[in-house]
Structures are given as C-alpha cells and as structure tokens.
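User: I'd like to go through this structure with you, a few quick questions at a time. Shall we start?

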2 protein chains.
Amino acid sequence: MRSDRWARYRSGALHDDLIAALVVSVLLIPQSLAYAQLAGLPPQVGLYASLLPLVAYAALGSSPVLGIGPVAVLALMIAQALAQRPEGVGMHDAALVLAAEIGLVLAGAAWLRLDALASLLSVPVLHGFETGATLSIALSQLPLLVGSSARGNSLPTVLGSWHHAQTPWTPLTALYGGLALLALWASRRHLLDWLSRWSPRPRAAMAARFAPLLVLAAAIGCAGATGAAQHGVALVGELPALAPTLALPPLDAELWRRMVPSALLIALVAFVSSLVVGESLARRRGERVVARRELMGLAGANLAAALSGGMPVAASFSRSVVNADAGSRTRMAGVFTAATMALAMLLLAKPLAWLPEAVLAATIIVAVLSGLSLAPYRLAWRYARSEWAVMAGVTALTVLQGAAWALGVGVAASIALLLRQTARPHVALIGRIPGSEHFRNADRHDVEMTPGVVGLRIDESLLFTNARELTDVVMLQLARHAGAHRVVLLMSPVNCIDVSGLEALQALQGELAARGVRLDLSEVKGPVLDGLRRAGWGRWFRGRVFLSHHQGMLGEHGSDG
Amino acid sequence: MRSDRWARYRSGALHDDLIAALVVSVLLIPQSLAYAQLAGLPPQVGLYASLLPLVAYAALGSSPVLGIGPVAVLALMIAQALAQRPEGVGMHDAALVLAAEIGLVLAGAAWLRLDALASLLSVPVLHGFETGATLSIALSQLPLLVGSSARGNSLPTVLGSWHHAQTPWTPLTALYGGLALLALWASRRHLLDWLSRWSPRPRAAMAARFAPLLVLAAAIGCAGATGAAQHGVALVGELPALAPTLALPPLDAELWRRMVPSALLIALVAFVSSLVVGESLARRRGERVVARRELMGLAGANLAAALSGGMPVAASFSRSVVNADAGSRTRMAGVFTAATMALAMLLLAKPLAWLPEAVLAATIIVAVLSGLSLAPYRLAWRYARSEWAVMAGVTALTVLQGAAWALGVGVAASIALLLRQTARPHVALIGRIPGSEHFRNADRHDVEMTPGVVGLRIDESLLFTNARELTDVVMLQLARHAGAHRVVLLMSPVNCIDVSGLEALQALQGELAARGVRLDLSEVKGPVLDGLRRAGWGRWFRGRVFLSHHQGMLGEHGSDG
C-alpha cells in the first residue's frame with residue numbers, strides 16, 4: 001500500500017515538488033541568514049531553523065504550499081523577547097526556550113481547540129501590526145546597512161543608540177550596503193521585464209528569483225578578493241561546524257518564566273499570519289485550510305526548532321507564494337526544501353564567512369519593504385474611520401513601543417469598537433413597500449403605514465451593552481405616534497437575547513402596558529424563540545408572536561408568546 | 001416667580017415630601033450608623049454622610065425618590081479600599097479622599113458623557129456581585145454579632161482572623177446580638193400582618209417601619225440600665241460633638257494615588273446601582289431617569305460628603321423604595337430628610353453611646369439578607385448556562401477575593417461571551433412559506449425551495465470575530481446543493497459589516513465565482529448598503545442586490561452592487 005502510494009507520487013507530483021523545493025531554497029538561504037541576524041542570533045541558527053522544522057510541518061500540517069522557516073516579523077518579535085532574558089543567559093539559549101514554549105502553546109491550543117482565538121486579531125490590527133513591524137525591521141537594519149555601531153528594534157531605541165554611537169557610519173560598509181540595496185531593488189522592479197525580452201515569461205520569472213543569491217555571491221566574491229574585513233567591513237564571519245544536533249533546550253526556570261508572555265504573543269502572531277497566508281493561497285487553488293491542523297503543524301515545527309538548535313518559525317508570505325507559483329503539489333516539497341538546505345549548508349559554510357553584514361541588511365530591507373501596502377489604509381479611511389484609527393494606531397505603537405503593546409492595545413480597541421457598535425443600534429420606523437409583504441425604513445423608502453400600529457426595527461441583538469437603552473429608544477419612536485395602541489417589533493435583526501436583554505424586554509412590555517400599548521413581536525428567529533420559551537416568558541409576555549411582520553401589522557395569525 | 005413656585009409647592013407636594021422624609025429618616029438613622037461601622041469608620045461619619053450629600057443630590061440629581069446616603073455594598077468596597085491606604089494615614093482621612101475622588105470621577109464621567117459605560121456591568125455581573133457583596137457583608141458582621149475580636153471583609157480573612165482570635169465570642173454580647181437579630185427578623189416577617197389586624201394596612205405598614213428604631217432604643221435602654229460595658233459588651237461609645245464642619249480632604253499625594261483604582265470601581269458601582277434603582281422605580285411611576293443628571297447628582301453628593309466629613313454615598317434600594325411608597329413627590333424630600341437627620345443627631349448623641357455594636361451588626365445582617373434573591377440564578381440557569389456561570393463566578397469571587405477582582409473578571413467574561421456569540425453565528429438554509437413572500441429556516445418550517453438557487457441566512461453581523469468562518473459556512477451549505485448556480489444571502493440579520501467582514505465578503509464572492517456560482521444579496525439594510533458603497537464595492541462586487549429576499553430568489557428587480 002505504502003510503496004503503491006509512493007509509486008503514484010513519483011509518477012505525479014514528485015517532479016513539481018522538487019522544482020518548487022529548489023526555487024524556495026534559493027530564497028530561503030539568504031532569508032534564513034538575514035532573519036537570524038535580525039533576531040540578534042548567529043546566522044547558522046536561521047539555517048538550523050530551515051531543516052527539521054520543515055520536515056515536522058510536512059508531517060503534521062495541512063497546507064502543501066506554506067513556506068515554513070524564519071520570518072521577518074517573528075524575528076523582530078524574537079529580538080524584543082530576548083531582551084527580557086535573565087542576565088547571564090545567552091541569546092541562543094533563550095531563543096531555544098522561546099521556540100519550545102511557542103511550540104507547547106500552539107500544541108496546547110490545538111488540543112483545547114482554541115483555533116477560534118485567531119479571530120481576536122482583526123484585519124485592521126493584523127495589517128497595522130504587519131506594516132509597523134515592516135517599518136521597524138527596515139529601521140533596525142539601517143545601522144547595519146551603513147556600518148554603524150548603533151542597534152535597536154524600535155524608532156526610539158535606534159535613534160537613541162545612533163545618537164550615542166561611537167561609529168555613526170563606515171564608508172566602505174555603506175558602499176557594500178548601498179550597492180546591494182540598489183541591485184536588489186532594481187532586480188525586483190526591472191529584471192523580470194528585461195529577462196522576458198529574451199526568454200518566455202515563466203522561465204524568466206524562474207531566473208529572476210536567483211537575483212538575491214547572485215547579489216550575495218557577488219558580495220562574497222568581492223569581499224573575499226579585496227580582503228574587506230581588513231578595511232573595516234563587518235562580515236558574517238566563520239560559522240561553527242554546521243552540525244545540528246538534537247538536544248533539549250536549557251531547563252532554567254527563571255528563563256522559562258520570563259519567556260512566557262512573549263511566547264503567547266508570538267504563538268498568536270505565528271498562527272494567525274500563517275493562517276492568513278495559507279487561506280489566501282488555498283483560495284486561489286480551490287483548497288481548504290484546516291485551522292487545527294495548522295496549529296499542530298506549527299507546534300511541531302517550533303518544537304523541532306527548539307530541539308535542533310533553531311529559532312521560532314512560521315510561514316513566510318513571500319516563500320509561500322513562490323512555492324505555490326513554482327508548482328508545489330504536496331507537503332513533500334517542504335521535505336525536499338530541507339534536504340536542499342542541508343546540502344547548501346555543507347557547501348556554503350566557508351564562503352558565507354566572507355558575506356558582509358550590510359548585504360544581509362539590504363536583503364532584509366528589500367524583502368520586507370516590497371510587501372508594504374497602503375491600500376488597506378485607504379479602504380479603512382473611506383469605509384470606517386474608527387477602524388482606520390485602530391490600524392494607524394497599531395502601526396505607530398509597533399514602531400514606537402514594540403509588538404506586545406501594539407497587539408494588546410489593538411485587540412482591546414477592536415473589542416471596544418464592537419461593544420460600541422452593539423451599544424448604539426440603528427433604529428428604523430418601518431412601513432410596507434406598496435404591493436409587497438416587505439417592510440423597510442420609512443425614512444429611505446416610499447412606504448405605507450398602518451394607522452394605530454407602530455412597526456419598529458432595532459438593528460441589533462438585545463445584549464447587555466444596549467439593554468438599558470431599549471425602552472428609551474422605543475418610547476422615543478412611540479412619542480411621535482400619539483394614537484398608537486400597538487407596537488410590533490420586527491425581530492429579524494435580533495440574533496440573540498442575553499439575560500440583560502431579556503430583562504429589558506420585560507421592562508419594555510411593562511412600560512408600554514402602563515401607557516395602554518401592547519407589545520407584539522414578528523419574525524422572531526427559531527433559536528431566539530426557543531430561548532424565550534426556555535426562560536418561561538409565557539408567564540409574563542402578554543403580546544403575540546407573528547411569523548411575518550406583514551401578518552404582525554395586520555394583527556392576524558399570531559400565536560401567544 | 002420663585003415665591004410663586006414655592007406657594008404652589010406648599011399647596012401640593014410639601015405635605016407628602018415631609019411625611020416621606022420622616023419615614024426615610026427612621027430607616028436612615030440606624031443604617032447610617034451601621035454602614036459606617038461596616039466600612040470600619042466611626043459611626044458619626046455615617047451620620048455626616050446623610051446630611052449635606054442629600055442636599056447636593058437634591059440640587060443636581062434628577063430622581064425624586066432616590067434615597068441617597070451610606071449603602072451596604074459601597075461600605076464593603078470602602079472597607080476593602082481603605083486597606084490600601086499608606087501606613088500612618090487614618091481611616092477617616094482616607095475615606096474623605098476616596099469620596100472626593102469618587103465625586104471627581106463621576107463629575108468627569110458626566111462631563112465626558114461616559115454614562116454609556118454603565119452598560120459594561122451586565123445583569124449577571126451586577127446581580128452576582130450584589131449577592132456576593134450581601135454574603136460578604138453578613139459574614140463581616142458575624143464576629144461583631146457574637147462579640148468576637150475577629151475582623152475581615154471576605155470569607156478567607158474572616159475565617160483566618162477567627163482562627164487566631166483571642167476572644168472567639170462573648171456570651172453577653174452574643175445574647176444582645178442574637179435577640180436583636182431575632183426581633184428584627186420577626187418584625188420584618190410577621191409584624192405587618194400582626195399590626196394589620198388592628199389598623200388599616202397603610203397605617204400598619206408605616207408603624208412597622210419603626211421596628212428597627214424601637215429595637216435600637218430597647219437595646220440602648222437595656223445596655224444603659226444594666227451597665228453592659230462593665231460586663232464586656234462592646235458599645236458604640238461616646239460620639240465626639242456632632243458638629244460637621246466644611247474642610248478640604250487631606251492633600252496627601254500618595255494617599256490620593258493609592259485610592260484611584262478603588263475610586264474608579266466604586267464610582268462605577270455607585271452609578272450603576274443607583275441607576276438600576278432609579279430606573280426600576282421610575283418605571284413604576286411612569287417617569288424617566290436621565291443617566292447624565294444622575295451622574296451629576298451622585299458627583300455632587302460625594303463631593304459634599306468629602307467636604308463635610310462623610311463617607312462615599314450612593315442610592316440605597318431599600319430607602320428608595322420606602323421613599324417612593326411613603327409618597328415622596330419631589331427632590332425636596334431629600335432636603336427634609338437631611339434636616340430630620342440633623343435634628344436627630346442633636347438629640348441622639350448621648351443615647352447612641354450606649355448602643356451595643358452587636359445590635360448594629362444585627363441591623364446590617366437583616367437589612368442586607370432581606371434583599372437576597374435567588375430568582376435571577378434560576379432564570380439564568382434555565383436560559384443561558386454560560387451567563388449563569390458568570391453570575392455564580394462573580395458571586396464566588398466577591399466572597400473569596402473582593403469586589404475589584406469579581407467585577408474585573410465579570411466584565412471580561414461578559415465581553416468574552418459576547419465575542420463568542422458573534423463568532424459562532426447560527427446559519428439557516430431558508431425557503432418560502434407557501435402562499436407568502438416570507439422566507440424561514442427549512443429545518444423548522446414547511447417551506448418551498450427554488451431549484452438551482454440556495455437561500456442562506458447567517459444570523460450575525462459580519463465582524464472580525466466571524467469573518468474567517470464566513471466562506472467555510474457558506475461552502476458547507478453549498479456542498480449539499482450540487483446543481484446550484486446562485487447563492488442569495490438574506491442580509492436582514494447583518495446589522496454591521498466591519499473591515500474584516502468586508503474582506504471576507506470579497507473572498508466569499510471570489511471562492512463562489514471559482515465554482516461558477518454567483519453571489520447575490522437581499523434585504524441589505526440602508527446603513528450597511530451606504531457603507532458598502534462608500535468602500536467602493538462596485539469595483540469588485542459582481543452580484544445583484546434585491547430589496548426583498550422573495551425578489552432575490554426569483555432573480556427579478558435586482559440592482560447592481
């Protein structure tokens with residue numbers, strides 16, 4: 001059976017998966033080195049994080065296209081988290097513990113079926129955070145790009161560090177950085193069009209992807225040939241023997257304790273950002289993403305990273321898109337990518353020692369800035385000014401205060417907006433569209449009114465946030481109809497009534513009864529009506545319930561509550 | 001003009017207001033002494049809080065029936081707040097600062113129009129808290145009732161203190177306490193019926209209200225005659241000369257800082273509990289409560305308390321009900337109550353010295369326990385198990401951890417339930433009720449389906465909490481209808497679409513289009529449609545918008561998005 005499946009796989013998807021793996025590796029080699037540097041870790045940690053974690057994800061995850069491994073946004077959050085480690089603990093040890101905790105958090109979330117918590121990060125929060133993180137990442141690489149001794153992960157720390165830096169910049173390093181930046185930027189904007197003149201577009205696209213690797217190779221060659229280190233250019237330097245070994249992360253209780261808050265936050269971001277990438281690609285291919293399988297895949301990948309000397313990982317948007325474009329068919333592509341990375345590591349250990357850090361910084365800056373998009377800001381500005389404020393606020397907080405603050409405030413603000421939305425329902429006096437059984441807002445449509453009966457629609461569930469207003473809102477409308485003896489509430493917008501809403505409904509009926517007005521309901525939804533019956537509302541509700549608002553206004557065919 | 005109004009008032013409401021003031025004072029004298037004791041303050045502080053604050057509320061508030069003054073639940077929260085005062089600061093000074101801060105918080109809330117924040121306390125949280133506070137209050141008075149040296153405001157502190165108490169109980173004190181408890185309880189349960197045999201019920205009710213005052217008088221007489229103090233019975237003791245003076249509360253920065261969190265919490269509870277009392281009484285009388293005026297009235301009352309040596313105040317449910325029953329017509333009743341209290345203070349200073357603390361404790365226990373109601377627990381258990389859990393959890397936390405924890409966790413839990421509700425919308429496949437233009441859930445009603453067209457109703461707004469599920473939910477329904485070429489979403493339950501929901505709608509249309517299925521919408525509400533147009537959805541929406549779902553299923557008379 002197994003060998004049969006393998007034979008079928010060989011004849012079908014093997015070729016496509018191998019090609020995709022090669023193309024992704026070309027991107028992954030420079031990125032894994034660069035994102036390790038961004039996190040403040042030795043470069044080989046990024047390479048280690050691109051081996052076993054990919055195999056673990058292939059075994060446990062669900063998406064055939066997600067490009068797992070080091071990710072820029074996560075690297076920034078890791079750098080901020082590692083600043084919290086106890087004194088005397090190495091960065092790498094702390095990163096291993098962080099990866100282990102992230103893996104455990106994700107595994108726990110999969111076990112407890114907490115994948116719904118992903119919805120806490122609304123689109124404005126997520127986009128605002130990603131934009132802010134992009135800017136912070138680019139900012140954190142600026143000192144490296146020009147050979148400054150300044151360091152930092154947010155606007156205030158970078159500026160402060162630069163202000164006191166002993167070496168504000170190094171001309172030769174800045175030259176390497178500037179040229180690499182120019183080459184990478186130009187290749188991204190123009191190389192594909194240029195290559196397309198000579199060869200068919202798909203092949204040109206494939207070739208254009210080698211540009212970052214060529215820039216790195218050129219920089220290594222140049223730095224090696226001219227002895228750049230002697231001229232003060234910071235190089236990646238000799239890597240230790242590339243021999244990842246399996247070992248438990250250090251068991252230091254204080255270190256584990258300090259990493260917990262960051263681990264929770266990074267786990268949430270890793271999960272949600274991977275889910276967003278996976279869903280958008282799955283949609284293009286007509287596939288589905290299973291959120292819980294993604295949790296398990298990411299949990300496995302991060303635990304594998306913790307055991308094999310890597311750093312926390314997630315799905316990279318750029319690599320996933322490339323993976324999909326290159327034709328990846330199954331999760332085996334991830335395994336092949338890991339194999340390619342292992343081979344590359346054996347061959348690259350020596351030459352990488354000559355790579356200038358400034359060139360890596362240029363790689364990072366171009367990679368993250370190319371993903372910058374202002375379209376969501378424009379949309380939010382036009383559509384909902386308050387959600388735009390959340391988006392912009394989260395961006396600013398990310399740049400100024402770091403990820404934890406930005407995400408915390410963003411989630412709280414999203415929830416506050418939702419509460420405000422439910423607290424201030426839109427209320428419409430409704431009338432019949434002539435010649436139909438359909439009732440709409442009298443202010444917007446030409447409608448017929450029924451004398452003596454007031455038809456109202458309150459566009460919200462009856463919840464604790466608006467329960468106190470219910471009576472006021474109805475009385476206000478009633479005050480405009482002196483002779484009314486009946487109010488019919490159209491309940492189609494009422495998706496739920498909580499205990500507070502139930503009490504408010506009872507109070508409303510009492511107040512209306514005191515004025516000699518009867519309260520009837522129409523189009524009460526099944527689940528809502530079930531709840532009202534369970535609450536024993538028959539003991540106090542004196543009105544009738546109508547299947548349709550049309551019948552309700554006529555007063556025919558109602559049933560007692 | 002003014003004298004004219006006074007003349008009209010004299011001929012109309014004066015008599016009723018004076019009677020109401022007398023009746024309320026009879027309740028207020030023992031309660032103001034007792035609640036000061038409950039807060040850990042000297043008894044005269046409760047009396048001071050029953051003078052000027054009532055006048056300030058009459059000047060600024062809106063309700064003619066609210067019985068302002070010391071309140072049991074607030075007294076418990078004050079006791080917990082005063083435990084946070086810096087060392088070396090007196091309880092009374094801290095209480096004055098607390099009252100001043102509560103007044104300023106309420107005034108600020110009135111100025112910023114934050115009265116909507118009252119809705120954060122849902123019915124389950126409020127009732128759970130009030131029940132828990134009632135139990136804590138009764139518990140805190142048990143040691144005083146039996147003459148123990150133990151003290152505390154929560155179950156763990158009372159039990160711990162009792163365990164280590166030097167004097168676990170004093171027989172004679174316990175006798176005073178027990179007899180007072182019995183007398184008060186019996187008078188509450190049977191006195192009215194007994195008196196009704198001899199005189200008409202309204203007059204009997206009036207007489208029955210004097211029972212607590214008589215019990216106090218009897219205890220004072222007995223303790224004075226037998227020299228109870230010499231036999232080890234703790235008495236209230238000599239009061240300082242009852243001469244309230246106007247003075248600013250102490251300006252100690254550290255003290256002001258430490259009281260801030262408690263002040264915010266107590267201000268919220270004072271406002272919401274007063275609002276609930278005011279609204280329920282106003283409803284009976286066909287009046288309206290203006291939330292913002294209540295904020296101003298309570299702000300004035302608390303600032304007056306801070307300036308005149310009192311403690312934080314709010315509206316008492318029991319005194320407000322009595323006030324309304326006794327026929328209070330205008331807020332002048334509050335001013336008369338204050339005058340009565342001033343007179344009483346002059347007459348009572350001497351005799352009060354002989355009052356045993358155990359009798360005051362009995363007054364508190366009977367007053368709070370008589371308000372205990374389990375009906376809301378039963379309702380919540382039947383209606384919404386999760387809201388029952390919030391109610392019970394808040395009660396338990398109040399008894400075990402104190403008010404701050406209980407209210408914080410309760411508000412967070414209410415919000416979490418609301419998020420969960422919006423995250424898991426009920427979805428219905430809908431069909432036409434034969435012979436009508438009305439569409440209902442196919443699982444609950446006998447309906448007619450339209451071949452090739454799937455009508456769906458998603459019972460929730462499209463929000464970030466459910467945006468990620470939207471496509472899944474629709475695809476699941478579509479999978480059961482192989483030949484469908486059109487999906488019509490009935491949008492009447494969609495009260496709002498946020499930016500995340502907008503993106504989800506676009507993704508849904510894309511996914512349907514990939515399967516050759518068109519997405520149409522029906523009964524989109526005016527404000528929602530306005531928003532969609534503002535967002536420029538015409539650039540991507542390919543379906544049609546139908547005024548009624550009936551037209552949508554027929555595919556007639558739709559307009560382009």
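User: Are A:Asp459 and B:Lys525 buried or exposed?

Analyst: A:Asp459 is buried, and B:Lys525 is buried as well, where buried means under 20% relative accessible area, exposed means over 50%, and partly exposed lies in between, using a 1.4 Å probe and protein chains only. This is a predicted model, in which local features need pLDDT of at least 70 and side-chain atom pairs count only at pLDDT 80 or more, while totals for chains, interfaces and linings use all residues. Residues are numbered from 1 along each chain as its sequence is written, chains are lettered from A and ligands numbered from 1 in the order in which they are written, and side-chain values use heavy atoms, with hydrogens and water left out.

User: What do the side chains of A:Asp459 and B:Lys525 form where they meet?

Analyst: They form a salt bridge, at 3.4 Å from N to O; the term stands for a side-chain nitrogen of Lys or Arg within 4 Å of a carboxyl oxygen of Asp or Glu. This pair crosses between chains: A:Asp459 sits in the loop between strand 5 (453–458) and helix 20 (470–478) of chain A, and B:Lys525 in the loop between strand 7 (518–522) and helix 22 (526–534) of chain B. Helices (H or I, at least four residues) and strands (E, at least two) are DSSP runs, numbered from the N terminus.

User: Which residue of chain A forms a salt bridge with A:Asp459?

Analyst: That is A:Arg457, with the closest N and O atoms 2.8 Å apart, and both A:Asp459 and A:Arg457 are buried.

User: Why can side chains pair like this?

Analyst: Side chains of opposite charge can pair when their charged atoms come close.

User: And how many salt bridges over all chains?

Analyst: A search of the whole structure finds 24. One of them joins B:Arg201 to B:Asp193, with the closest N and O atoms 3.8 Å apart. B:Arg201 counts as partly exposed because its relative accessibility is 47%, and B:Asp193 is likewise partly exposed, at a relative accessible area of 46%. Elsewhere, A:Glu254, A:Arg257 and A:Arg258 are joined into one network by salt bridges that share partners.

User: Switching topic, what rotation superposes chain B on chain A?

Analyst: A rotation of 179° with 0.0 Å of shift along its axis does so, with an RMSD of 0.1 Å, the copies being superposed by least squares on the C-alpha atoms of residues with pLDDT of at least 70 in both. The two copies are therefore related as by a two-fold rotation axis. In chain B, the C-alpha nearest the axis belongs to B:Pro493 and lies 2.1 Å from it. The same surface serves both copies, since 99% of the contact residues of chain B recur in chain A; contact means heavy atoms within 4.5 Å.

User: What are the confidence scores of the model?

Analyst: The model scores ipTM 0.84 and pTM 0.85. For chain A the mean pLDDT is 88, with 97% of its residues reaching 70 or more; pLDDT is the predictor's confidence in each residue, from 0 to 100.

User: What is the secondary structure of chain A?

Analyst: Chain A comes to 23 helices and nine strands, and buried residues make up 55% of its 561 residues.

User: Where is A:Leu74, and what does it touch?

Analyst: A:Leu74 lies in helix 5 (residues 72–82) of chain A and is buried, with a relative accessible area of 2%. Leaving aside neighbours within four places in sequence, A:Leu74 is in contact with A:Ile266, A:Val269, A:Ala270, A:Pro312, A:Val313 and A:Ala314.

User: And A:Ser154, buried or exposed?

Analyst: A:Ser154 counts as buried because its relative accessibility is 9%. A:Ser154 is found in the loop between helix 7 (123–145) and helix 8 (155–163) of chain A and, not counting residues up to four places away in sequence, touches A:Leu139, A:Val399 and A:Leu400.

User: What about B:Thr398, where is that?

Analyst: B:Thr398 is in helix 18 (residues 385–401) of chain B, and is buried at a relative accessible area of 1%.

User: Last one: where is A:Leu251?

Analyst: A:Leu251 is found in the loop between helix 11 (211–226) and helix 12 (253–285) of chain A, and is exposed, with a relative accessible area of 72%.
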